[in-house]
Amino acid sequence: MLPWGGYWQGARLPVGARVWVVGATGQVGQACLRVLTRWLDVRGFAHAEWDITLPESVQRWLLDTAPQERPRCLINCAALTNVDQCEDMSDRAMVVNAHGPGLLAHACERTGLLLVHLSTDYVFDGSRSTPYEEADPPRPLNAYGRSKLDGERRVAAQMPSGRFLIVRTSWVFSGYRPNFVTWVLERARAGLPVRAVTDQVSAPTWADDLAEAIGHLLLNGMRGWVHFRNEGPCSRYEQAEWVLQAHGLPTALLEARTMTEMGWRARRPAYSVLSVARYQTCTGLTPRDWRTILPRG
Ligand SMILES: NC(=O)c1ccc[n+]([C@@H]2O[C@H](COP(=O)([O-])OP(=O)(O)OC[C@H]3O[C@@H](n4cnc5c(N)ncnc54)[C@H](OP(=O)(O)O)[C@@H]3O)[C@@H](O)[C@H]2O)c1
């Protein structure tokens, strides 16, 4: 049995190795396509081309095509990430975020591919006030978190070889797809109120930095569980305030709320800052502050 939340060393992925990315049109998928090409031979698959929940897709790509094209690694960026939608469609969330990764893991184990699987800070309940380590006990508060945790468990269970890397991250933002930062900017530019919570704290993650971190971890032969996010824990309110100031937009549009006042369908952890100590030990690198990506104007 592999230690839950542990890490171990595997073969380093050589520069130029072929890597496939599923869920390639998402924020992290697009970042992987853009950033990892620095070191690796990357090919992306959109949802329409490869649905991770369908055994026939997995058969086609991993069992029939991969032995000829010889990718060394599959990065799974496919997921249902809308937290409230997952609450309403918890069965579908389980299919995409848990059953699908289980299918991928089973096929990767059979074909000898390394599987990189993305997961989330929402596997934790937020009752702590110091950063969560990889081996801390998970206790998700919502359907999204439960489905992502189940995905992690299936990946580990299907891959007794230990040829997997589970990367947990938080509050991803990018220029690729709508996210909290783009929402704040859109609202403010339209002169609409920007309501953001003061009682939820985590750390934003720039998708390109996450993709680069995945690259460093692969080139270092890292396996098991690892956390990555940018430096600079904050509340959503503080994040929105910084974003508005960085873009020279009026902070008067900002309205402080609590999570209860927001009336969200899914509960969120109040505190879900991930510790990046393991990432730093394994790579010798320190993530930069997310505020250096959005410098204050
Ligand atoms: N976004 C965050 O703040 C955040 C925070 C923590 C962890 N994460 C994790 O990071 C990973 C990537 O997130 P992201 O922000 O890049 O998500 P995203 O932008 O929502 O992208 C998800 C991608 O998955 C695809 N997809 C959905 N169902 C699929 C299926 N059945 N088969 C194949 N592809 C499918 C989507 O394609 P279509 O749109 O065409 O369906 C989309 O390209 C996920 O594992 C997520 O749980 C994200």
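This is a predicted model: local features need pLDDT of at least 70, side-chain atom pairs count only at pLDDT 80 or more; totals for chains, interfaces and linings use all residues.
Two strands count as paired when DSSP finds at least two bridges between them. Arg18 stands opposite Asp41 in strand 3. Strand 2 covers residues 18-22, and its pairing with strand 3 is parallel, over five bridges. Between the two lies a helix. Strand 2, helix 1 (residues 27-35) and strand 3 together form a β-α-β unit, and the unit is right-handed.

Seven strands build it, in the order 1-11-6-5-4-2-3. The sheet is open and its pairing is mixed. Strand 1 (7-9) and strand 3 (41-45) stand at the edges. Each has a single partner strand, so one side of each has no neighbour in the sheet. On average, neighbouring strands are turned by 20° against each other, direction ignored.

Strand 5 spans residues 114-120 and strand 6 spans residues 164-169. Their pairing is parallel and runs over six bridges. Ser119 stands opposite Arg168 of strand 6. A helix packs here too. Helix 5 (residues 143-158) lies on the sheet and touches both strand 5 and strand 6. The direction of helix 5 makes about 160° with that of strand 5.

Next come the helix pairs. Two packed helices are described by the angle between their axes and the distance between the axes. Return to helix 1, the helix of the β-α-β unit. Its partner is helix 7 (residues 207-219); the two axes come within 8 Å and cross at roughly 60°. Helix 1 and helix 7 are therefore oblique to each other. The crossing is right-handed. On the helix 1 side, the contact residues are Gln27, Val28, Ala31, Cys32, Arg34 and Val35. Helix 7 brings Ala207, Asp208, Leu210, Ala211, Glu212, Ile214 and Gly215. By class, this contact holds eight nonpolar, two polar and three charged residues.

The other pair is helix 6 (residues 180-189) with helix 8 (residues 236-246). Their axes come within 10 Å and cross at roughly 60°. That angle makes helix 6 oblique to helix 8. This crossing, too, is right-handed. Helix 6 makes the contact through Phe180, Val181, Val184, Leu185 and Ala188. Helix 8 meets them with Arg236, Ala240, Val243 and Leu244. Here the count is eight nonpolar, no polar and one charged residues.

How values were computed:
Residues are numbered from 1 along each chain as its sequence is written. Helices (H or I, at least four residues) and strands (E, at least two) are DSSP runs, numbered from the N terminus. Axes are lines fitted to C-alpha atoms, for helices over the stretch in contact, and angles run from 0 to 180 degrees between N-to-C directions. Two residues are in contact if their C-beta atoms, placed from the backbone, lie within 7 Å. A crossover is right-handed if, with the strands pointing away from the viewer, the path from the first strand over the helix to the second runs clockwise. Angles under 35 degrees count as roughly parallel, over 145 as roughly antiparallel, 65 to 115 as roughly perpendicular and the rest as oblique. A crossing is left-handed if the near helix is turned anticlockwise from the far one by less than a right angle, and right-handed if clockwise. Ala, Val, Leu, Ile, Met, Phe, Trp, Tyr, Cys and Pro count as nonpolar, Asp, Glu, Lys and Arg as charged, and the others, Gly among them, as polar.
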